[in-house]
Each structure stands twice: as C-alpha cells, then as structure tokens.
Amino acid sequence: MSNENQAPVQAQENAPAFSVEKLYVKDLSLEVPHAPAIFLEQETPEVDMRITTNHDKIEEGFYDCSITVTVTAKLSDNRVVFLSEVTQAGIFQVANIPEEDVSLLLGVACPNILFPYAREAVSSTVTRAGFPPVLLAPINFDAMYHQAQEQKAQ
C-alpha cells in the first residue's frame, strides 16, 4: 500500500511546472520636456514604440523576466511631446522543463504575460500627464523570439 501512495507523489515532483510568483514594475518614467507650451500644439504627433525583453536566472528554478516598453511621441520638427518608458517584470518558477523549452518560455510566454501590464502602465501614465491614452497594439513575441534566434545563429 505504501508503494501506491509514493508513485503519485514522485510523479508530481517530476511534473513540469511553470508559474508566476510575482509581477512588479521595475522602472517607470515619463518626460514632457516642452511642457507647458507643448499642450498648445495642434499637430498630431507621430508615436514610436520600442520593446525589449530580458531574463536572468535568480536561483535554481526561478527567473526574473522583464519587458521594457519605450513610447516616444514627436512632432514633425522632431520636438518630443512625451517619452514614456516602463519596465514591467515578473518572477517565474520553472521546474522539470527541458532547457531548450525554458528558453522559449522565457522568450515568449513570460513577455506575453507581462505585456498587458506594461501596456496599461504606459497608457495610464500618458493619460495622467494630460495626453490622450496611448493604445499599444498586441506584440507577436513568438516571431520576435524566432527572429532573435535566427540573428544569433548568423
């Protein structure tokens, strides 16, 4: 009878596990370098978004992953209307997953989890600064990951 009880426990210990342990804002900034005069401009600014991802191993089975979203709005004369940057991060637990799949999790799954929080932080910050909300389109992190892997291979 004791052998029957041990088998399920051992199977659970070796089962693949992926979980979110903590989500947090690592960095948040907003610059409005030409305020207050910039609020009198009638021109619609051009908005540019850049995104980077990063991950580091904290300890065995735990990774700190982050996504940095930088949004810059400029007028046609290159004056910056605003610059908003947020680094949204999370601590993720990864256990009993093959190393090649861990890289995919950290490069695709984690950013997909973090991006909605970063998007909300950017929109909220820009709105609080007195500008219309910035609605960032979804990002294909799978394509970004595979493109980065191809660049590393070359």
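Predicted model: local features only at pLDDT ≥ 70, side-chain atom pairs only at ≥ 80, totals over all residues.
View 1. For the chain, the average pLDDT is 91. A score of at least 70 is reached by 92% of the residues.

**View 2. Four strands make up an open sheet.** The strand order is E1-E4-E3-E2, and the pairing is antiparallel. Strand E1 (17-31) and strand E2 (46-59) stand at the edges. Each has a single partner strand, so one side of each lacks a neighbour in the sheet. Neighbouring strands are turned by 15 degrees against each other on average, direction ignored.

**View 3. Helix H2 (residues 99-128) packs on the sheet.** H2 touches E1, E2, E3 and E4. The direction of H2 makes about 145 degrees with that of E4.

**View 4. E1 pairs with strand E4 (residues 80-95).** The pairing is antiparallel and runs over 13 bridges. Serine 19 stands opposite glutamine 93 in E4. Serine 29 has glutamate 85, also in E4, as its bridge partner.

**View 5. E3 and E4 form a hairpin.** Five residues lie between the two strands. Asparagine 78, in the turn, has a positive phi of about 70 degrees. E3 and E4 pair in the antiparallel sense, over 13 bridges. Serine 66 has alanine 89 in E4 as its bridge partner.

Notes. Residues numbered from 1 in each chain as written. Heavy atoms only, no water. pLDDT = per-residue confidence, 0-100. Pairing = 2+ DSSP bridges. Axes fitted to C-alpha atoms, helices over the stretch in contact; angles between N-to-C directions. Contact = heavy atoms within 4.5 Å.
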